[in-house]
Amino acid sequence: MNSPQPRPDPPTPKRSSGGRYSIWRLLHEGLRGQRGWTRAWAKATPRPRYRVVIVGGGGHGLSTAFHLAAEHGITDVAVLERGPIGLGNVGRNTTIIRSNYFHPENIRFYELSLGLWERLEHRLNFNAMVSQRGTLNLFHTEAQRDLFTRRANQMRLLGVDAQALDRAEVARRVPLADLDTGRYPVLGGFLQPRGGTVRHDAVAWGYARAASAAGVDIVEHCEVSGLRIAHGRVTGVETPQGFIAADTVCLAVAGHSSVLAAMAGLQLPIETHVLQAFVSEPVKPVLDVVLTYGAGHFYVSQSDKGGLVFGGAIDGYNTYGQRGTLPMAEEVTAAALTLLPGLARLRVLRQWGGVMDMTMDGSPIISKTPVEGLILNGGWCYGGFKAIPAGGLTTAHLIAHGAPHPAAAHLDLGRFATGRTVDERGVGPFPYLH
């Protein structure tokens, strides 16, 4: 059966634009009482048919829509989000970006993403508060030193930045850390200077604004309740606002990937878990890197507002709830106080959870599915936020060309059937361990 050919995109609709952001615009609007600002993106009403429907208005869905328009000229696109933009996983994380992976394929993919982060604010004309303060991974044993050295050498072979730090240099960079008398004495660390943090909600807003200006329809409060399949091909989505036909449907729904895929009769190699994060009361600058702890799953950075943002591992049970549990909160705080005893004097102001779609090998999926016209972007485990630019770029390439982008060719769904898994940590087919 021949696949229907994509129709030409209709003319790009004119959008009400707030104009280009700049320091001069800011001064101008300040002098005229801030009366010239308009909506950052248009509040669209869905049309009956699109060339591409993207389910999920988080980071990856919006990035995919932007790159479809910017790289491939495909603007007949709708992004459907069940709530307001920015309230899903894209706004429920610890904002870390890095490319310090071990498998060459993953290093190349996340390095592509890190390079896109470095140019993102200029590309989107939006202040996403990209802060390349460096990511520092600490180690506590000689075995961990060897493991981190292998990773750093693999990164260097591929032209990615990685620096080894001894105890004295770690103490100089992180005077708050207890290196000598803690439960797990620190022997040293490895630094990726180009790693850092990005303001998470600004990423969603920036991509939504740029995609909308290019002609993409951003439809909020439009939950997809079903996928319509005919003769092995997806034909559109069911929503409270009616059926929306599409030549291609892309699922970019993070922890709900399995739920949406089940609507098409697919069972994915994914489990969903909650990942908690915390932020303390604001304090004066005490930490100018992203710090991770080799003796436990713990990572921390300091926000521009002064709060310490930190998190740990996923809760060990399956859930779609966006809140965590006391046992994991205790585990994370125990790791925090072992490494940084001074944190005991701070109060935690906020806690939140994001639902993580954990794959069997710990690596994501950017792939066609057995249902023709149905594309999957999911299974991001812990790597979803840092991968937003590259995830959108490569998913848009797959939609536009029908073939995987070279940087994401190893992330196809078929790898699980053929044994070509990308097990970054080497722990086997156990999603909760990744």
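This is a predicted model: local features need pLDDT of at least 70, side-chain atom pairs count only at pLDDT 80 or more; totals for chains, interfaces and linings use all residues.
I began with helix α4 (residues 142–157), where Arg 145 and Glu 142 are three residues apart and so separated by about one helical turn; helices here are DSSP runs of H or I with at least four residues, strands are runs of E with at least two, and both are numbered from the N terminus. Arg 145 and Glu 142 form a salt bridge, with the closest N and O atoms 2.9 Å apart, where a salt bridge is a side-chain nitrogen of Lys or Arg within 4 Å of a carboxyl oxygen of Asp or Glu. I noted that Arg 145 counts as partly exposed at 29% relative accessibility, and that Glu 142 is also partly exposed, at 47%; buried means under 20% relative accessible area, exposed over 50%, and partly exposed in between (1.4 Å probe, protein chains only).

Residues are numbered from 1 along each chain as its sequence is written, and side-chain values use heavy atoms, with hydrogens and water left out.

Next I looked up Asp 247, which forms a salt bridge with Arg 49, the closest N and O atoms being 3.3 Å apart. Asp 247 lies in strand β11 (residues 242–251) and Arg 49 in strand β1 (residues 49–55), so this pair ties together parts that are 198 residues apart in sequence. Asp 247 counts as buried at 10% relative accessibility, whereas Arg 49 is partly exposed at 36%.

I then turned to Asp 412 and Arg 420, whose side chains meet in a salt bridge at 2.8 Å, N to O. Asp 412 is buried, with a relative accessible area of 19%, and Arg 420 is partly exposed at 42%. I also found that salt bridges with shared partners join Glu 111, Glu 118, Asp 161 and Arg 194 into one network. Over the whole structure, the search gives 20 salt bridges.

Last, I looked at the protein chain as a whole, which holds ten helices and 18 strands. Its C-alpha trace spans about 65 × 65 × 40 Å along the principal axes, and 55% of its 434 residues count as buried. Among contacts (heavy atoms within 4.5 Å) between residues at least 6 apart in sequence, 75% join residues at least 24 apart.
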